[in-house]
Structure formats: structure tokens, C-alpha cells
Amino acid sequence: SVPLIRYKCVISISENLYNFVIRVVLFVISAYNRNVIEMHQNFNKSVRSDSVERFILKKLLDWKNSPYRKPLILKGVRQVGKTWILKEFGKRYYENTAYFNFDENEEYKQFFETTKDVDRILQNLMLASGQKILAEKTLIIFDEVQDCPKVINSMKYFCENAPQYHIACAGSLLGIALAKPSSFPVGKVNFMQIDPMTFSEFLIA
């Protein structure tokens with residue numbers, strides 16, 4: 001009968017429409033997944049490359065050029081990129097970088113235990129590491145200083161007696177807070193906070 005034929009036609013059209021919608025939805029999901037994977041891969045490549053732009057680099061450059069510059073303590077949670085950003089900053093804006101990790105090389109700590117003479121400290125560090133340190137031209141990085149109160153305290157003497165040396169220290173936020181010695185160099189250091197990469201930084205990476 002005519003009504004039955006019409007009913008079958010409606011059912012057939014509905015099934016075809018349903019199948020079409022399902023195919024479209026699956027296609028959109030597949031394309032979205034491909035884009036997400038591609039974005040993730042591109043992001044990983046950018047993180048490993050020299051093209052990553054962190055806004056804090058501008059703040060570090062302002063610190064470098066400031067006539068009131070003091071030794072810097074860069075704070076931030078672990079794995080946020082403190083070491084990377086300081087090394088990248090040194091590579092971009094200094095002739096060379098002298099990097100000292102007090103967690104991996106605990107022997108460096110002894111140079112701060114026996115003297116407060118910054119020239120002697122730097123001479124000992126250069127001899128022990130084979131790295132060159134030049135006033136105004138070298139970025140000196142002291143990494144993992146959270147457990148080294150003598151190193152933190154020495155910033156007072158670098159500030160007062162050797163301002164020509166550009167020094168940046170890095171350590172975990174909690175570690176630095178807990179390691180504060182009674183003779184913490186109040187007023188003799190600059191503080192800067194580094195946070196995880198923002199969405200804006202991700203977009204331009």
C-alpha cells in the first residue's frame with residue numbers, strides 16, 4: 001500500500017541521515033585528534049628548540065641592564081624551567097655562562113665555607129670547574145642553592161664588593177624559604193619568580 005511505501009521511504013531516509021551524521025561526527029573527532037597530536041608534537045619540538053619565548057626573559061634583561069642590579073635569586077617550583085631559562089638567558093645576552101650545580105658537585109660548597117673573599121671564591125670555582133669567568137661578560141649561575149646557606153649568604157659580599165659580576169641563583173621556592181640563614185643578605189639580592197608557561201607563551205612558542 002502507499003502508506004507502507006511512504007513509511008519505508010521515511011525509515012530509509014532516516015537511516016541514511018543517521019549514518020551520514022555518524023560519519024561526519026567520526027570524521028570531526030578524527031580530525032580533532034590529529035590536530036591535538038600535531039600540536040603536542042610541535043609543542044615538544046619547540047620546548048627542545050631555542051625558539052621558546054618566555055616573558056621572564058624581558059625581566060631578566062631589565063635586571064642585567066639595571067644600574068641598581070644585585071645578585072639575583074630566581075625562585076620557582078621544581079621542574080618549572082629555572083635552570084633552562086637562566087642558561088638560555090646567558091646564551092643570548094652574555095659572552096659566556098659559568099654554571100655551578102651545588103647538588104651535583106657538592107665540593108663547590110667548601111669554597112664558601114672557608115672565605116668571604118669573592119675573588120678567592122671565583123678563582124677556586126674556575127680552577128675546580130675549568131670554566132672562565134669575566135666581569136660584566138659572564139653570567140654566573142649558582143644552581144640548587146636551597147641547601148647551601150653559605151652560598152646564599154655570600155651574595156651580600158658579591159653585592160658590596162664585586163658588583164661587576166653578574167650572578168643568578170636558582171633553587172626551589174620551599175627549599176630557599178627553609179634554608180634561610182639567620183644572616184640572610186636582606187636588601188643585598190634581587191628576587192624574581194618564574195611560573196609555569198602561560199597560554200600566551202604557548203601560542204607564540
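Throughout these legends, a residue is called buried when it has under 20% relative accessible area, exposed when it has over 50%, and partly exposed in between (1.4 Å probe, protein chains only). The model is predicted, so local features need pLDDT of at least 70 and side-chain atom pairs count only at pLDDT 80 or more, while totals for chains, interfaces and linings use all residues. Residues are numbered from 1 along each chain as its sequence is written, and side-chain values use heavy atoms, with hydrogens and water left out.

View 1. Helices (H or I, at least four residues) are DSSP runs, numbered from the N terminus, and H2 covers residues 56-65. Its buried residues are Ile56, Leu57, Leu60, Trp63 and Lys64.

**View 2. Valine 21 in helix H1.** Valine 21 has its place in helix H1, which spans residues 2-48. With a relative accessibility of 41%, valine 21 counts as partly exposed.

**View 3. The largest cavity.** A cavity is a set of points, on a 1 Å grid over the protein atoms alone, where a 1.4 Å probe fits but cannot get out, and its lining residues have an atom within 4 Å of a point. The search of the whole structure finds one cavity of 30 Å³ or more. The largest cavity holds about 30 Å³ of space, and the residues lining it are Arg69, Lys70, Pro71, Phe158, Cys159, Pro163 and Tyr165.

How values were computed:
Helices (H or I, at least four residues) and strands (E, at least two) are DSSP runs, numbered from the N terminus. On a 1 Å grid over the protein atoms alone, a cavity is a set of points where a 1.4 Å probe fits but cannot get out, and a pocket is an open set with protein on both sides within 12 Å along at least five of seven lines; lining residues have an atom within 4 Å of a point. Grid points are joined across faces, edges and corners, and a volume is the space filled by probe spheres set on the points.
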